[in-house]
Amino acid sequence: MLGYENITRLSNSVYLIGTSDGYYTLNINDLSFKNYSVSISNISINKLNEQFTNCSILEEGSFSHDENNITISYTVPQYNKYINSEYQYLLEGFQNEWSEWNAKSNVNFKNLPYGTYTFKVRAKIANSIPENIATYTFTILKPWYLTNLAIIIYLLLLLILAHYINKSYKVYYQKQEEKLIEENNLLLEIKELENDQQLMKMRNEQLANDVDIKNRELAVTNMSLINKNELLSLIKEDLKNSSSENSSRSIKSVITNITKNISEEDSWKVFKEAFDNADKDFLKKVKDAHTNLTPNDLRLCAYLRVNLSSKEIAPLLGISVRSVEIKRYRLRKKMDLPHEKGLVEYILSI
């Protein structure tokens, strides 16, 4: 009756309900329920930012890797408006425990990784739990880059890469080895050059010593010739000054012998032999440089080469010091030397 709607609890299980023609008493313990069963009513999937698509629930589902957002709906078919159902679900492969009891009749799983899953759901009505558990198995496929074919291709590429890396390392280490061998050979060549230079230095030192010895021998020869000629010249002059009519013939004979001994040709032969031992190419170089020089000019050059003074050269040539100076002047002219260039300096530089 309008205005008199009322339900009063009389005891733990007995309720009083007012009606238009009186009242009813209701004992909940006397109520009986049918054997209801839970079932999955709908499966829908979608890609990211796309509409949901319904799938068949009669067979196992197989979805691509980007169709990994799935919504599962379930229900307990009954038509009594006073009966409320609660559900509990488990997704094997994603969850380890059942969810809490909830009246919501669907669940959504987002961004599931690839793999095979089994969805299980069970329900309870009031305090009774239906015996059956609804299940649905589906598979999220691997992306193309994780398929077996892709893995085989990756392995082949990895083997090829490893081969080229190994080959590159072999080439690199071979080049390093060749470079090391080349450096060692270069070091050996440098060492040989150093040894050759050391040997050449020793030879040059030996040659320098030999030249010094020959120069000393030449100097001794020069001095001996000079002293001999000077002594013989003095004796000759003394004999000329002390000669008388009685001994004139014998003195002339002695003077003749002395003159033979101070012959410039003999002195030159001795000197030239010693000079050639010390500086054998000098006369040839002077002759090549100045083809207009006479043998007497070359002889003067040789004496100047050993740094003899005009006074020392005079007895070797059998002439006066003044005559030596004139010869030196004429030699400068033939060599066409400039005024500032010294004759001895030039000869020593050849």
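Four strands form an open sheet in the order S5-S4-S7-S9, with antiparallel pairing. Strands here are DSSP runs (E, at least two residues), as helices are (H or I, at least four), numbered from the N terminus. Two strands count as paired if DSSP finds at least two bridges between them. Strand S5 (53-55) and S9 stand at the edges, each with a single partner strand, so one side of each lacks a neighbour in the sheet. From one strand to the next, the twist averages 25 degrees. S4 and S5 run antiparallel and are joined by 3 bridges. Ile 45 has Thr 53 in S5 as its bridge partner.

The model is predicted: local features need pLDDT of at least 70, side-chain atom pairs count only at pLDDT 80 or more, and totals for chains, interfaces and linings use all residues. Residues are numbered from 1 along each chain as its sequence is written, and side-chain values use heavy atoms, with hydrogens and water left out.

Ser 73 lies in strand S7. Ser 73 is buried, at a relative accessible area of 17%. Buried means under 20%, exposed over 50%, and partly exposed in between (1.4 Å probe, protein chains only). Beyond its neighbours within four places in sequence, Ser 73 is in contact (heavy atoms within 4.5 Å) with Ile 40, Ser 41, Asn 42, Ser 105 and Asn 106.

The largest nonpolar core has 25 residues. Such a core is a set of buried Ala, Val, Leu, Ile, Met, Phe, Trp, Tyr and Cys residues joined through side-chain atoms within 4.5 Å. Ile 70, Ile 72, Phe 109, Phe 119, Val 121 and Phe 138 have the most contacts inside this core. At least two core residues come from each of strands S4 (39-46), S7 (69-75), S8 (85-92), S9 (106-109), S10 (115-125) and S11 (134-140). S10 gives the most, with 5 residues. Apart from this core lies another, of 22 residues, among them Leu 298, Leu 300, Leu 316 and Met 335.

Helix H5 (residues 295-305) and helix H7 (residues 321-335) have axes that come within 11 Å and cross at roughly 105 degrees. Axes are lines fitted to C-alpha atoms, for helices over the stretch in contact, and angles run from 0 to 180 degrees between N-to-C directions. H5 and H7 are therefore roughly perpendicular (65 to 115 degrees; under 35 is roughly parallel, over 145 roughly antiparallel, the rest oblique). Asn 296, Asp 297, Leu 300, Cys 301 and Leu 304 in H5 meet Lys 327, Arg 328, Leu 331, Lys 334 and Met 335 in H7.
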